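The structure is shown first.

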Amino acid sequence: MNSIRKLIRGLGFDIARYPKSKKNASSRIKASDRSDILIPTTAAHLALKGVGRIGRSPFTYFQRPNMTSTELDEIENIWWNAHSKLIENVWVLSDDVNELYRANYISKAASFFKKDTSKAIVLDLGCGSGWFGRIVADQDLEYFGIDFSSSQIELANKKRINAGNSQWLHYYCTTDFKQVKNIQEINSVFIHAFLHHLYWDELHSLFAELKNTLPRGCRIFIVEPIYPGFNKSNQDMRLMDKLISDYRKYVRSIKSELIAEGIYNTELEDQLGNVFEESKINGFFFSPKEVPFELHEFEEFLNGYVVIQEKTCCGILNLETAQMIENIKSEKHREYYKRLLFPFVNHLDKFLLSNGYFENTPNTYFFTAFECILK
């Protein structure tokens with residue numbers, strides 16, 4: 001773990017943990033006694049397939065079917081309604097952590113939408129709890145979110161009540177975006193981790209409708225889990241793998257101390273573990289229809305409907321860091337580790353990405369952002 005400590009010091013960060021209490025040290029739980037930080041939609045799924053977290057062994061991808069069915073759509077709907085609160089807590093996170101974790105690409109999306117227009121009118125497909133709207137909506141960006149899950153929209157409307165920008169937030173429980181009020185005024189679309197729940201027939205149908213309904217030049221910002229694919233580069237990734245491994249050991253040791261102090265919530269991790277096991281038994285990737293994309297197939301699909309202006313990997317370690325911080329019960333400890341870990345992990349992610357980690361890690365998928373213009 002020395003390499004991660006040296007890198008932390010080299011970037012000017014203090015590696016000290018939150019001041020310990022005088023609790024008996026014998027009550028502490030060793031890192032090996034607990035599961036690793038959960039990384040939904042990445043390493044946790046690899047573990048279910050028996051593949052190492054960062055290992056570079058061959059990986060068998062789930063294949064995306066061409067066509068869905070009414071029965072499978074209903075199963076997906078039941079699954080999301082049953083697990084919406086858990087998904088909100090684990091993936092979306094509380095707004096303060098969410099804004100820090102997703103700050104870079106949220107600001108990119110908002111700037112992208114507001115460019116060259118007096119007002120951005122944004123449609124969010126598969127909006128979930130509406131978190132994106134609560135962060136970005138203002139007098140220059142009006143937000144319309146849709147989702148097929150009634151429990152997600154119910155959650156979105158509950159959170160809307162206390163949002164300071166509620167007058168610019170609108171939510172619809174529907175699968176048909178054309179039901180949105182003033183659909184003809186929409187000039188931007190936000191799609192966050194929604195498309196990989198659709199099969200190819202649904203994807204082509206959706207984008208054909210977008211192309212037929214929305215104006216040419218409409219801005220579309222997409223974030224989806226993407227496998228980079230196999231790169232022919234012979235670049236040695238061992239140093240970066242070591243940095244990642246050491247960082248995870250460092251964070252696990254913090255987590256173990258928090259558990260020993262009784263200020264870390266393991267309940268969500270246990271619940272999520274049960275859902276992973278349920279998915280494994282049923283032969284699902286996670287939710288019944290969830291299948292991450294391979295980069296080449298996704299770009300080939302998008303090129304039929306949009307012009308891709310920019311592609312950016314959203315991060316390597318920032319999600320699992322956010323999830324760990326989310327589970328800290330003590331507000332003081334939570335704030336302390338937000339200030340300590342987020343700035344550092346953002347630097348570490350930038351280092352990894354600038355040195356080709358995304359392009360040379362084919363058997364792990366990463367959330368990737370695409371800035372697109374509708375043809």
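A nonpolar core is a set of buried Ala, Val, Leu, Ile, Met, Phe, Trp, Tyr and Cys residues joined through side-chain atoms within 4.5 Å. The model is predicted: local features need pLDDT of at least 70, side-chain atom pairs count only at pLDDT 80 or more, and totals for chains, interfaces and linings use all residues. Residues are numbered from 1 along each chain as its sequence is written, and side-chain values use heavy atoms, with hydrogens and water left out.

Q: Which residues have the most contacts inside the largest nonpolar core?
A: They are F113, L125, L195, F207 and I222, in a core of 98 residues. With contact defined as heavy atoms within 4.5 Å, L195 touches residues including R64, L203, F293 and F298.

Q: Why is V90 called buried?
A: Buried means under 20% relative accessible area, exposed over 50%, and partly exposed in between (1.4 Å probe, protein chains only). V90 has a relative accessible area of 8%, and is therefore buried. V90 is found in helix α3 (residues 70-92); helices are DSSP runs of H or I, at least four residues, numbered from the N terminus.

Q: How do you know that the span of helix α13 agrees with its number of residues?
A: The expected span is 1.5 Å times one less than the number of residues. For the 24 residues of α13 (residues 331-354) this gives 34 Å, and the end C-alpha atoms are 34 Å apart, so the two agree.

Q: What follows α13?
A: G356 follows α13, and its phi is positive, near 80°.

Technical notes:
Helices (H or I, at least four residues) and strands (E, at least two) are DSSP runs, numbered from the N terminus. Lists of a residue's contacts leave out its neighbours within four places in sequence.
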